Amino acid sequence: MGALSILIFLPLFAAFLILALPTSLKGSYKYIALTFTVFQLALSIYMYQQFDPTLSGINTIEGYQFVEQLPWIRLDLGRIGKLEIDYFVGIDGVSLPLIVLSTLVMLMSIGASWHVEKSTKGYFALLMILNMAVMGIFAALDFFLFYVFYEVMLLPLYFLIGIWGGARREYAAMKFFIYTLLGSVLMLLVIVGLYFSVVNPASGAHTFNMILMMNPGNYVDGSFFGFIGNYHEVFGVPSRLIGFIVLFFAFAIKVPIVPLHTWLPDAHVEAPTPVSIILAGILLKIGGYGIIRVCYSIFPDIAADTNWWLALIGVISILYGALNALAQKDLKRMIAYSSVSHMGFVLLGIASLTAEGVSGAMFQMISHGFLSAALFFLVGVLYDRVHDRYIYNFRGLATIMPTYTVYVAIAFFASLGLPGFSAFIGEAFVIIGAFNAESMLTGVPRWMAVGGSIGILLSAAYFLWTLQRMFFGQTRLQGGEKWRVALTDLDTREKIVLLPALALALLLGIVPSLIFHHLNASILQLLNTIKPYL
Amino acid sequence: MTIDLLLFYAFAAMAIGSALLLVNIRNTARALFLLFIVLFAMAGLYLFALADFIAITQILVYVGGVLILLIFAFMLSNKELLHDLQSVSHRFITIPRWQALIISGAFLSVMLYSVISWSQTMPEWIESAQMAGTVISPSDNNIQALGFRFMTQYVLPFEIISIFLMMALIGAAHLSRKEQHT
Amino acid sequence: MLELLNISPITASLLVVLLPFVAFLIQAAFGRRSISGNIGLIAIILSTILSAICVFFVVWNGENATQRITWFTIGTKSFSVGILLNKLTVSMQLLVCIIALPVHFYSRAYMKGDDGLHRYWMYLSLFCFAMLGLTVSINLLQLYIFWELVGFASYLLIGFWFTRDAAVQANKKAFLINRIGDLGFLIGIALVYAQVGTLDLVELFGKSGWFLNDTTANITLQEINKDSAWLTFAGLAFFLGAMAKSAQFPLHVWLPDAMEGPTSVSSLIHAATMVAAGVFLLCTVFPLFNETVLLVIAIVGTITAFSAAIFALGQYDIKKILAFSTISQLGFMMVGVGIGAWDTAMLHLATHAFFKCLLFLCAGAVIHEMSHFKTHARLDFDPQDLRNMGGLRHYMPKTFVCMVIGALALSGFPLTSGYLSKDSIVVSAFEWASLHGNFYLAIPVTLIVVSLMTAFYIGRLIFKTFFGSFSFKQHTSTAHSLHEAPGMMIWPMLFLAACSLFPIFGLQPLTYQQTWLIQGFQVVLSYPVIHTAHLFIPVGLTIGAILAWVLGWQWYVKQKYPLHANNRWVRFSNRQGYLNEVNDVLFVKGTQRLSAALYAFDRYVVDGATKLVTWTMQQVAVVAYWFDKNIVDGIVNFSANTTYYIGHLARHVQNGQLQGYLGFALTVVILGILYLIIK
Amino acid sequence: MITITHFLVVSAVIFCIGLYAVLAKRNAIMILVGIELMINASILNFVAFSRYDKVNYGGQVFALFAIVLAAAAVAVGLAIILNVYKYYKTINPANINELKD
């Protein structure tokens, strides 16, 4: 059992442990979850240390590290062939930072769940299962395995939102579930199509192996998703394009793009704080990761054809999300829309097909991961105290909660892309990459880059407006004196949860090579894969 | 129209008429006496079929045995039984008389149809018997022939039937005795 | 000491930048315990000394120096950070230090007793770090980072009194408008990077950092057609950045509002250093500009200079007048860049930094004393309003002298530094315009008019503040009278006043070409020198300025004011040309409406579509359920019921009655026989 | 001339009357009587056909057998009826419906 498998299945073990312990020991659940997550974080950092940044990954199996490949399901289906599903995990430069991010965000989420009262056993067990699924998604290299983890992830989230959520939790949970399920069901269709189009040259059987799917040589001539001379069409659209669009659609729901984003504000607003943290910190990244790992790597030819549209969607998401955030009166909803805007940068960067853009997009994902986690946590702090997060109900919080204001201000400025913080590097390089796209002839025009950069301005607008409206000025609270008493400053636990995220934002903003160094080889490999089709 | 045919019709009419009256009469005691007439009439009919011994046996066994037994049984059952006989079932689905009538009528018509259609062509063995002349004639000594057959050809069934008869009588006696040990 | 002097200019420059940052960190760590500001003060003193001795004198008289380290690598491209020391950067760095130093001293007295003093020093150190870092950045990306940090520090300082609504509105406005500029800057960077492939100033512009035809400069850039569209766009984008930061029309609206911050901050950030960063940026990337961009810069500069001067005429707030005057002077600098004589722009930047800082500090002293008086006399008036002042020269003679020196420098009287720099721009503009002829002449003419207006409004400020009689004279008594500002404030003012005189820039008091700055930069001018202009224009300007002052004297001191306060033009000027209102209606409200509309769109159309789909599905489900219940299930139920009834009927057959069984058996037999018969 | 058809018709009529009695009567004894009628009808058939079998006398022999069997059956049947009456206090078969589902 390699380090990666341990990383994936540790939380499952924790979940079993929590389920096995009697309810009389329910005080220990959070400590168990915490211990395992800390250990996971340590393990992921160890992997980060051991990672060889010169290896590229993407479509070369040699480039992956911590690889484990075990036959999982082998079924002889007679005439149809042999079913070949592997337990196949491994990481490259794209997945490594996301795994480290996930362990960190998970830890933050456990920290935020410290005061959960309602059926803690189920809560922490679900959280741990979710944790396992997320790790599995980022590590899986077998498409079937990927899909299994992808589905496993859904269920805990549904229950976490649906049971521990806010007032309209059932609605939000249902909406989230249906949206995501729609995506994954579509994904399954393409997975099956790909399975029948690809053979493992070693065994001659059809395979779910993603790495093999990325190699044009492994496609059966004349198969549905075949690479060369593929004349299959669905409603007059080439089959490979259909496959790409369907997969993109599945991941785009996760990202989310406009107009598939409507699950996000509801889910974020209704979810309990720890789940919001996970949603924003990890879940959205699965969309971006999936686009890079699956859509772009398996369909490089289509990726080269469609990036104009993807970039357009990205720009629309940026502007649309930012303008919507500007109109919000609920703090959490505003942050949810800002996520839409920030994830639009990810899409724009990926679509730019330049090293700067894709790296910037990855960086933006990491940065948004813990910044949005911190933002949601900060909202949770306020909500915990007065059970209100309507922006107009607060004013002049800086006077009564100075430390909190400092943290909020740092998180806000970090999110709006102040240099020195990670979001700046991400956004700036997405913009630079998008500008560079025209020089690299990848087909993304410069006006889109300009459009994207206006998003930076708008993000400053809504964050500053909120800051000014809620925190500055004379103290005036909707709830009067009662609120003033309830609104105590941050306590130590909250500081401990927040500090790593903000410190990391600062650290990555100053030393971005921590990410870029491990990313470069993989990104270049990805671009080299796509380049012949441009 | 010969005299024997007239007599046959008379016997047949007596049998049928009595039987009809038998089934329709309310009083069971009368019905049983009507059965007496029917059995006599039937015995008369046997004579026309040149089975004198059978006719005698009919009278001996039926009238002398069965009918007496029936009357005894009827008399042995108490008075309640007599009232109970008149009770009419109020159940919706039991077979009312008309249903029995229909069934038996249908059965009769089916049988008559078969008899008539069948009688157009006599079975082969009857034809051959008539040809060969091996037909019982009124002058034959039936009793001797029967006795001879019983002791030779039908000795095994004869013995079986006698054992069976004994078993039946013992069984009947056993059933009808008072149960002391219970 | 000698070893200290021998450290390399690079290290020294790095120290200059990092010392305030260290001060910032220490103060941040100390929090409320560090209210004296000593840490920041020591840092800036050391920085100034190092900057002057170890950096400026070494580099100005010697070789350029560069040093860079790789910051990170993206793909195959490496981005480096480092320090570029050439004459431009070292002079700018020194200037920032020299301005920041007296402001620090001044702040000790000015901000004394404020509740958030620890924050003030923290922010001030942060600003110094960012501004000093900006000056010596070698990489455009690095420059951008400091550029934004400067804006951030300015945001913090404008909103220093965060409980005041006006202050937090102002800092939001400042940051947002600066963000527009930042976008321009970022787009410029992205364009340059996309086209040339590097952001390193040395790689772009050669060793000296500002000559494109240097042999070491980037070959690609040299071969690029100067008129190509992307270059124009990039130039305009950079200029957009500079416009916001240097408060050029129409993005100047944040600067007057920014006066909500402490006056010491205004003097340092919004008069001398940060707002000049835009000009500095343009000078840094000057080789990128082609004719079109330069013309745009010149025109915008002229418009700014003119409009701001008009707005300055109608202001009553002492700081706002100075703010508009700053904008106006920044317009001058822009014109300097636009006509290609960026050395004159730099000269004006330097001189302006001193005398404008001085003016602000003096205004600060006045405001300081006025508010003290207000508190003591328990009066309620606006301590910044000119109309509440008058006759202050009797109470604050030293301040009066300092301020007059500043005002004279601003008006461009001979023997002051302002004379040199302002004339240099006007004269250069005239020479440039006479080369191109026609409409181009409008620019120097406008500049001359603006110069006269400048003299007039600053004269108005002086007369209204220090002459005439004090409005609240009846309230003054020995217990609470107006008095001179404390020494800690006077000394920095005196120092700056000394710096506003000509000797600091050149020994020749009347010819700007002789100033060491102009000589140091050695800019190759694209137009011929017109010697008569060098004579007539300065003389004309001086006479005009004197006349303006005399007019001001007549109007304000002699009380012969010809215009009514509600005059349309006065109101237009006072309301800043209604630009804020236009801005509010057009952009702020527009964006708000757009966002509200989009949110409505999101809620009702996008989410509505989702809901519609859900609703439709529900309805379909209802129909399907109905169908299922009544048709599909109906069939099932029907057959089941039929069976049931048949079974129920048949059940009666099974009634346990022998006769019944028999009857049925016979029925079947009959049916069977009938079947046989019929068959 | 009395043909076999005459006998058959009379036998069929008697048989059906017996059948009717079996089906319709509410009295076990009368049912037994019905059965006797049916047996008599069949004996009549035996006898009638026996005329053409001089060799074996099968009809008459089996007629005798049938008479004996009928007597035995009546004896046993009556015994059973008496027992049933003791048990159910009725001999109406309609009331004896233990076989009902």
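Modeller: Two residues are in contact if their C-beta atoms, placed from the backbone, lie within 7 Å. Please keep in mind that this is a predicted model.

Colleague: Understood. Which chains share the most contacts?

Modeller: Chains B and D do, out of 4 pairs of chains in contact.

Colleague: How many residues does the contact take from chain D and from chain B?

Modeller: Chain D contributes 60 residues to the contact, and chain B contributes 76.

Colleague: Which elements of chain D give two or more residues to the side that touches chain B?

Modeller: They are helix 1 (4–24), helix 2 (28–50) and helix 3 (58–88) of chain D. Helix 3 of chain D gives the most to this side, with 20 residues.

Colleague: And how does the side of chain D that touches chain B divide by class?

Modeller: That side of chain D has 45 nonpolar, 10 polar and 5 charged residues.

Colleague: Staying with chain D, which residues does the UniProt annotation "transmembrane region" cover?

Modeller: According to the unreviewed UniProt entry, the annotation covers residues 6–23, 30–49 and 61–85 of chain D.

Colleague: How far apart are the ends of residues 6–23 and of residues 30–49 in chain D?

Modeller: For residues 6–23 of chain D, the end C-alpha atoms lie 26 Å apart, and the span is 100% helix and 0% strand. For residues 30–49 of chain D, the end C-alpha atoms are separated by 29 Å, and that span is also 100% helix with 0% strand.

Colleague: Now to chain A. How far is chain A from chains B and D?

Modeller: Chain A does not touch chain B, and their nearest C-alpha atoms are 58 Å apart. Chain A and chain D do not touch either; there the nearest C-alpha atoms are 52 Å apart.

Colleague: Let us turn to chain C. How many helices and strands does chain C have?

Modeller: The secondary structure of chain C consists of 25 helices and 2 strands. The radius of gyration of chain C is 38 Å, well over the 26 Å that the globule rule gives for 679 residues, so chain C is more spread out than a compact globule.

Colleague: What does the C-alpha trace of chain C span along its principal axes?

Modeller: The trace of chain C spans about 145 × 70 × 60 Å.

Colleague: Which domains does the assignment give for chain C?

Modeller: The assignment gives domain 1 (351–574) and domain 2 (583–678) of chain C. The centres of these domains, taken over C-alpha atoms, are separated by 90 Å.

Colleague: Finally, what percentage of chain C is buried?

Modeller: Buried residues make up 53% of the 679 residues in chain C.

Conventions: Residues are numbered from 1 along each chain as its sequence is written. Chains are lettered from A and ligands numbered from 1 in the order in which they are written. This is a predicted model: local features need pLDDT of at least 70, side-chain atom pairs count only at pLDDT 80 or more; totals for chains, interfaces and linings use all residues. UniProt positions are given in the numbering used here, feature names are shortened, and annotations may be inferred rather than shown by experiment. Helices (H or I, at least four residues) and strands (E, at least two) are DSSP runs, numbered from the N terminus. Domain bounds come from an automatic or database domain assignment. The radius of gyration is taken over C-alpha atoms; the globule rule is 2.2 Å times the number of residues to the power 0.38. A residue is buried if 20 or more other C-beta atoms lie within 10 Å of its own, exposed if 12 or fewer, and partly exposed in between; C-beta atoms are placed from the backbone. Ala, Val, Leu, Ile, Met, Phe, Trp, Tyr, Cys and Pro count as nonpolar, Asp, Glu, Lys and Arg as charged, and the others, Gly among them, as polar.
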